[in-house]
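This report concerns the architecture of one protein chain. Please examine the sequence and the structure before reading on.

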Amino acid sequence: MTPPVLFDMDGVILEGPRTAPGIYADAADAALAELGVEPTPGQRRDLRRHDLEHVVEHCETLGIDAADFWQLKDRFASERTHERVRTGERGLYDDVHALEELAAETTLGLVTNNRHATGEFVADYLPVDFAVVRGRQPTFEDYRRRKPDPTFLEDACEHLAVDDALYVGDSLKDVTAGNAAGLETAYLRRPHNLDVERPADATTVVESLTELPAILETLDAR
């Protein structure tokens with residue numbers, strides 16, 4: 001039986017390895033405005049970063065709920081990202097067409113550290129069906145579960161009721177999470193990681209998504 005293929009999103013499907021920092025900065029400003037608070041320059045600088053440091057502390061000082069701020073920030077970041085994809089400002093890699101051939105052979109999934117809402121948007125935007133999408137929910141708990149923690153991959157495999165799959169990613173954390181989840185891993189070369197040493201534990205290295213059907217044939221033959 002051909003194993004499912006699970007894909008990371010940023011740097012694999014969407015061009016660029018991550019959400020542009022300015023997206024989160026603008027999203028934080030929009031969240032603060034909606035909550036009706038005016039932080040100090042230092043507080044605003046911290047809250048515009050995409051991490052949890054000082055978030056609870058600053059929100060308590062400002063008299064707002066930290067979880068509400070975080071959820072709003074994620075929502076606005078998703079809205080801005082989706083618009084960039086729709087307009088082509090953030091594009092898809094040219095070899096994404098290979099997913100159509102793969103979808104005819106096996107089950108596909110999308111597993112990303114990015115926001116779950118954006119994972120669902122991209123899955124709907126592409127002309128293939130994804131049987132599972134697992135991204136980061138807008139909670140502190142899910143932020144801490146990001147890869148290299150294997151939780152998102154384990155959740156996807158549980159949803160598919162499988163123990164094995166091929167996970168395609170562009171970073172060491174993708175390979176680490178895939179291995180921890182007991183999966184085969186394909187390390188994908190993209191312009192942003194051409195000079196990065198191959199992760200030692202990657203099952204294989206591919207230069208393009210078009211190589212994946214042959215990789216699946218090799219895995220099938222084992």
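The structure is a predicted model.

**The sheet**

Six strands form an open sheet with parallel pairing, and their order is β3-β2-β1-β4-β5-β6. At the edges lie β3 and β6 (204–206), each of which pairs on one side only. From one strand to the next, the twist averages 20°. Helix α9 (residues 172–180) packs on this sheet and touches β2, β4 (166–169) and β5 (184–188). The direction of α9 makes about 175° with that of β5.

Within the sheet, strand β1 (residues 5–7) runs parallel to β2, and 3 bridges join the two. In this pair, L6 stands opposite G109 of β2.

**Helix α6**

Helix α6 comprises residues 116–125. Its buried residues are H116, T118, G119, F121, V122 and A123.

**The packing of α3 and α4**

How do helices α3 and α4 lie relative to each other, and at what angle do they pack? Helix α3 (residues 55–62) packs with α4 at an angle of about 110°, and their axes are 9 Å apart. Because angles of 65 to 115 degrees count as roughly perpendicular, α3 is described as roughly perpendicular to α4. The crossing of the two helices is right-handed. The residues that make the contact are listed below.

| Helix | Residues in the contact |
|---|---|
| α3 | V55, V56 and C59 |
| α4 | A66, F69 and W70 |

By class, the residues of this contact divide into 6 nonpolar, no polar and no charged.

**Residue G169**

Leaving aside residues up to four places away in sequence, G169 touches D8, V12, D174, A186, Y187 and L188. Although G169 and V206 are 37 residues apart along the chain, their C-alpha atoms are separated by 10 Å.

Key: Residues numbered from 1 in each chain as written. Predicted model: local features only at pLDDT ≥ 70, side-chain atom pairs only at ≥ 80, totals over all residues. Heavy atoms only, no water. Buried < 20%, exposed > 50% of the residue type's maximum accessible area, 1.4 Å probe, protein only. Helix = DSSP H or I, 4+ residues; strand = E, 2+ residues; numbered from the N terminus. Pairing = 2+ DSSP bridges. Axes fitted to C-alpha atoms, helices over the stretch in contact; angles between N-to-C directions. Contact = heavy atoms within 4.5 Å. Parallel < 35°, antiparallel > 145°, perpendicular 65-115°, else oblique. Left-handed = near helix turned anticlockwise from the far one by under 90°. Nonpolar A, V, L, I, M, F, W, Y, C, P; charged D, E, K, R; others polar.
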